[in-house]
Amino acid sequence: MTARSTRCTTAAKTRTSRLAAVAAVAVAGSMLLTACGDQTEGGSAATPTKGAESVNAAPLFSKLPADIQKAGKIKVGTDASYAPMEFTEGGKIVGVDPDIAAALGKQLGVEFEFTSGTFDGLITSIYTGRQDLIMSSMTDNKKRQEGLDDNGKKIGKGIDFVDYFSSGVSLLVKKGNPQGVNSLDDLCGKTVAVQRGTIYEDTFKAQATKCGDKKLTIQAFDTDAEAQTRVKAGGAVADLNDYPVAAYIAKTSGGGNDFEVVGSQSDVGLFGIGVSKENTQLRDAVKEALDAIIKDGTYADALKKWDVEDSAVKSATVNAGK
C-alpha cells in the first residue's frame with residue numbers, strides 16, 4: 001500500500017483513490033479540469049513537453065531506439081486527474097510528472113508528449129503500442145511487472161518500471177496541529193475523517209483495532225472534500241491521503257492556512273515510469289536520463305516546485321517495487 005499504490009492493488013481501489021485526489025484538489029481551490037477518457041485517437045488532447053533545441057546536442061539522444069530518434073518524441077500515457085502529480089490546467093497537462101519529463105527530454109533530446117486517458121487503460125496502451133511510456137504516479141509492484149491480477153492469474157505480458165518517486169500516505173491535520181498529532185498512534189481516543197471505501201479508511205480501521213479500548217472514532221464520508229471540511233471545522237483531528245496529494249492540499253487550501261501535513265509517511269512505495277518489456281533500449285535510456293537529472297539537480301528542482309521533496313529517490317532503479 002503506497003501513494004498512487006495505495007490505490008493500486010485493484011482497479012476499483014485505484015479509481016476510488018483517484019476520486020479522493022480530485023475531490024481534494026477541489027477543496028484546495030485549484031483550477032482543475034480533469035482530462036479523462038480512453039487511450040484512443042480522438043481522446044483528450046496531447047500536451048508536449050519540449051526537449052533540447054537540437055537533438056544532436058542532447059547527451060543521451062544516441063541511446064534511444066531508432067524509431068523514437070526519427071519521431072523526435074516519446075508518447076506518454078497518463079491520467080491527468082491527480083494533482084499535483086499530473087492534472088489539467090488551462091488546457092495543458094501539468095504537474096510533477098510533466099516537469100520531470102521535461103527534464104528527461106532535455107537529456108534525451110526528444111519531446112515527451114502526454115495524452116490523458118483512463119488509469120486502468122494505461123498498461124494496455126503499452127501492450128498495444130499506442131504509448132511508449134506511462135507516467136501517471138503508477139506504483140511499481142510485482143503484479144504489474146508480471147502481468148498478474150489480484151488472484152495471481154496471468155492477464156498480460158507485464159511491464160518494466162524505471163522507479164523515480166518514493167511516496168506513502170500522510171496525515172492531514174488542521175493548521176497549527178492543535179491536537180498534537182504526529183503519528184497514527186496519536187489518534188487513539190480521537191475522531192478522524194476519511195473518504196468511505198478507500199484504503200485510507202482501511203488504514204484507520206486497522207489503527208482502531210490497534211487502539212483497543214482507547215477508541216478511535218472513524219467518520220466516513222462520500223468524498224474526501226467532506227472529510228477535509230470536517231477536519232477544518234474541528235470535528236475530526238485528521239484525514240489521511242497520499243503524501244503528494246496531502247502536501248498539495250496543505251499548500252493550496254485557504255492559501256496554505258487551512259491544513260498541514262504531520263508525521264512521517266507510512267506504507268512507502270515506489271512510483272515507476274512504465275515501459276514495454278520488449279523495449280529494453282528505451283527503458284535503459286530513460287533510466288540513464290533519470291540518473292543524469294538527479295545528478296545535475298533538475299530532478300530536485302521539479303520536486304521542490306511542487307513541495308514534494310520528501311519523495312525524491314537517490315538513484316534510478318528498475319523493477320525495485322515489491
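**Close-up 1. Helix α10 spans residues 280-296.** This helix has 17 residues and reaches 24 Å from its first C-alpha to its last, close to the 24 Å expected at 1.5 Å a residue. The expected span is 1.5 Å times one less than the number of residues in the helix. Helices here are DSSP runs (H or I, at least four residues), strands are DSSP runs too (E, at least two), and both are numbered from the N terminus. The model is predicted, so local features need pLDDT of at least 70 and side-chain atom pairs count only at pLDDT 80 or more, while totals for chains, interfaces and linings use all residues. Residues are numbered from 1 along each chain as its sequence is written, and side-chain values use heavy atoms, with hydrogens and water left out. Look along α10 for its buried residues: Leu 282, Arg 283, Ala 285, Val 286, Ala 289, Leu 290, Ile 293 and Ile 294. Buried means under 20% relative accessible area, exposed means over 50%, and partly exposed lies in between (1.4 Å probe, protein chains only). An α-helix has 3.6 residues a turn, so residues three or four places apart point the same way. Just after α10 comes Gly 297, with a positive phi of about 95 degrees.

**Close-up 2. Asp 160, Lys 277, Arg 283 and Asp 284 are linked in a network of salt bridges.** A salt bridge is a side-chain nitrogen of Lys or Arg within 4 Å of a carboxyl oxygen of Asp or Glu. The structure holds 13 salt bridges.

**Close-up 3. A salt bridge joins Lys 305 and Asp 99.** Their side chains meet at 3.0 Å, N to O. The pair links distant parts of the chain: Lys 305 sits in helix α11 and Asp 99 in helix α4 (residues 96-108), 206 residues apart. Lys 305 counts as partly exposed at 48% relative accessibility, and Asp 99 is partly exposed with a relative accessible area of 22%.

**Close-up 4. Asp 222 and Arg 196 bring two loops into contact through a salt bridge.** The distance is 2.5 Å, N to O. Asp 222 belongs to the loop between β10 (217-221) and α8 (224-233), while Arg 196 belongs to the loop between β9 (191-195) and α7 (199-211); the two are 26 residues apart. At 56% relative accessibility, Asp 222 counts as exposed, whereas Arg 196, at 42%, counts as partly exposed.

**Close-up 5. Within helix α7, Glu 201 and Lys 205 form a salt bridge.** Here the N to O distance is 3.8 Å. The two residues are four apart, about one turn of the helix. Glu 201 is buried at 10% relative accessibility, and Lys 205 is partly exposed at 44%.

**Close-up 6. Five aromatic pairs turn up in a search of the whole structure.** One of them is formed by Tyr 164 and Phe 165, a tilted pair at 6.3 Å centre to centre with 45 degrees between the planes. Rings of Phe, Tyr and Trp (its six-membered ring) pair if their centres lie within 6.5 Å; planes under 30 degrees apart count as stacked, over 60 as edge-to-face and the rest as tilted. Tyr 164 is buried, with a relative accessible area of 0%, and Phe 165 is buried at 0% relative accessibility.

**Close-up 7. Tyr 248 and Trp 306 form a tilted aromatic pair.** Tyr 248 is buried at 7% relative accessible area, and Trp 306 counts as buried at 12% relative accessibility. Together with Phe 87, they form one aromatic cluster.

**Close-up 8. An open sheet of three strands has the order β3-β4-β5, with antiparallel pairing.** Two strands pair if DSSP finds at least two bridges between them. The edge strands are β3 (81-82) and β5 (92-94), each pairing on one side only. Two bridges join β3 to β4 (residues 86-89), and Tyr 82 stands opposite Glu 86 in β4.
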